[in-house]
Amino acid sequence: MDRWWSDGTERGPVLWKGIAAILATGSLLGVAQNAIVRQGSPKDGLAWRYEVPKLDSLDAATPVSSAAAAPSPSPSSAAPLPPDMNDPLGLGAASAGSFDVPDVARPLQIQISRVKQFFDAGAAVFVDARDTAEYVEGHIPGAVNLPYDDVVTDPERLEKFDPKGKPIIVYCGGGTCELSMNLGFALVNAGKKKVLVFMGGWPEWSTSGFPVAKGKEPQGS
Amino acid sequence: MGAFRTFSMHPFVRRACQLAAGLIFVYAALPKIADLPAFAGSVHNFHLEPVVPVAAVNLLAMTIPWIELTAGLALILGIKTRAGAFVYVGLMTVFTLGVVAAMARGLSFDCGCFGKATSTTIGAKKLAENLLMLAVGFVAALERR
């Protein structure tokens, strides 16, 4: 090391030892830093095992049928439920809850039974995150097609998309569907306030015998 | 080729490349270290499941930034410079392969390469950027005679 600012003469075993030293030092420092961070605040650090992020559920965010248990503390006056033709006696009304969706910073998860209630009441705008070919083959009636892959390259489509104050329910091909999660986050980032993700997605909807539509999106939507 | 070789073997050129590579790594490491969960999310976005199990994502996310930082400092300070350059080239190769793999599967997302604040979407531009940074690393890794 004749000139410290221009070292770079290592070779052979010295070089390999240096590489091993850097890798070991880096790994140890990383594990140590993470442990320290986790002591202060566990959620700012990482657990040993990675868990795929789960979205909070809408039901957890707005406790359903709390009216019977306690006077509802909800500041927004509960909107009267729209008449539900599938449930004329209102038997499901207690579990149906309101169609109020809180403003969210992260999309909320929603289960198929609630999705159907929103659908029947026309209380939400459906967004299909799959690509157009899949959308044409079949989709939830009235759904708007916003393929996530297109939105990434053309963010204006998100800005232009206007749910007219209604909650947005995003769905896609189901499974560990990333498209709807990603689109959900993209919508929230684009300033949409009430974003729900229907994790079961198209497979669950179409196998439940619920209405489906085929073909292109109606123009002007 | 001869002229290029002479140029890239020049001590100042090599030193400049070492500094550049070191600064790139330090610059890339700090925002990740500051927000580990965000970086873990970025790593998961690459969906390397066939090669890296999902459960191992966190281990990568906590060690990679610190390896970057250590190698970057080695390059800048001129201590174990060549080892630092080798680590730089190795990691940068892995990152570039990750970008290629993501592009091949049509994935498009913010890679989190320099943390979440500076968004770089996976694509041809990102690939070109990586190849350039890789070239800098190769010059930095040249042996001094």
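This is a predicted model: local features need pLDDT of at least 70, side-chain atom pairs count only at pLDDT 80 or more; totals for chains, interfaces and linings use all residues.
**View 1. The open sheet of chain A.**
Five strands of chain A form an open sheet with parallel pairing, in the order 1-5-4-2-3. Strand 1 (108–110) and strand 3 (144–145) of chain A are the edge strands; each has a single partner strand, so one side of each is left without a neighbour in the sheet. Helix 8 (residues 178–189) of chain A lies across strand 2, strand 4 and strand 5 (195–198) of chain A. The angle between helix 8 and strand 5 of chain A is about 175°.

**View 2. Strand 2 of chain A and its two partners.**
Strand 2 (residues 125–128) of chain A pairs in the parallel sense with strand 4 (residues 168–171) of chain A over four bridges. Within this pairing, V125(A) has I168(A) as its bridge partner, and V127(A) stands opposite V170(A). With strand 3 of chain A, strand 2 of chain A also pairs in the parallel sense, over two bridges. Here D128(A) stands opposite N145(A). Strand 2 of chain A, helix 5 (residues 132–137) of chain A and strand 3 of chain A together make a right-handed β-α-β unit.

**View 3. The two faces of strand 2 of chain A.**
In a regular strand, side chains alternate between the two faces of the sheet. Strand 2 of chain A has V125(A) and V127(A) on one side and F126(A) and D128(A) on the other. These four residues are all buried, and both faces of the strand are covered.

**View 4. The helices of chain B.**
Chain B has six helices and zero strands, giving the pattern α-α-α-α-α-α along the sequence. Of its 145 residues, 43% count as buried. Among contacts in chain B between residues at least 6 apart in sequence, 69% join residues at least 24 apart.

Helix 3 (residues 36–45) of chain B is largely enclosed by the rest of the structure, because seven of its ten residues are buried. The buried residues are L36(B), F39(B), A40(B), S42(B), V43(B), H44(B) and N45(B). Their cover includes helix 1 (12–40) of chain A, as well as helix 2 (11–34) and helix 4 (57–77) of chain B. After helix 3 of chain B comes H47(B), with a positive phi near 50°.

**View 5. The contact between chains A and B.**
In this interface, 36 residues of chain B are in contact with 33 residues of chain A. On the side of chain B that touches chain A, helix 2, helix 3, helix 4 and helix 5 (81–104) of chain B each supply at least two residues. Helix 4 of chain B gives the most, with twelve residues. By residue class, this side of chain B divides into 20 nonpolar, ten polar and six charged residues.

**View 6. The nonpolar cores.**
The largest nonpolar core has 44 residues, and A61(B) and Y88(B) have the most contacts inside it. Helix 1 of chain A and helix 2, helix 3, helix 4, helix 5 and helix 6 (124–140) of chain B each supply at least two residues of this core. Its largest share, twelve residues, comes from helix 4 of chain B. Apart from neighbours within four places in sequence, Y88(B) is in contact with A21(B), F25(B), A71(B), L75(B), G137(B) and A140(B). A second, separate core has 35 residues, including V101(A), A124(A), Y171(A) and C172(A).

How values were computed: Residues are numbered from 1 along each chain as its sequence is written. Chains are lettered from A and ligands numbered from 1 in the order in which they are written. Two strands pair if DSSP finds at least two bridges between them. Two residues are in contact if their C-beta atoms, placed from the backbone, lie within 7 Å. Axes are lines fitted to C-alpha atoms, for helices over the stretch in contact, and angles run from 0 to 180 degrees between N-to-C directions. A residue is buried if 20 or more other C-beta atoms lie within 10 Å of its own, exposed if 12 or fewer, and partly exposed in between; C-beta atoms are placed from the backbone. Ala, Val, Leu, Ile, Met, Phe, Trp, Tyr, Cys and Pro count as nonpolar, Asp, Glu, Lys and Arg as charged, and the others, Gly among them, as polar. A crossover is right-handed if, with the strands pointing away from the viewer, the path from the first strand over the helix to the second runs clockwise. A nonpolar core is a set of buried Ala, Val, Leu, Ile, Met, Phe, Trp, Tyr and Cys residues joined through C-beta atoms within 7 Å.
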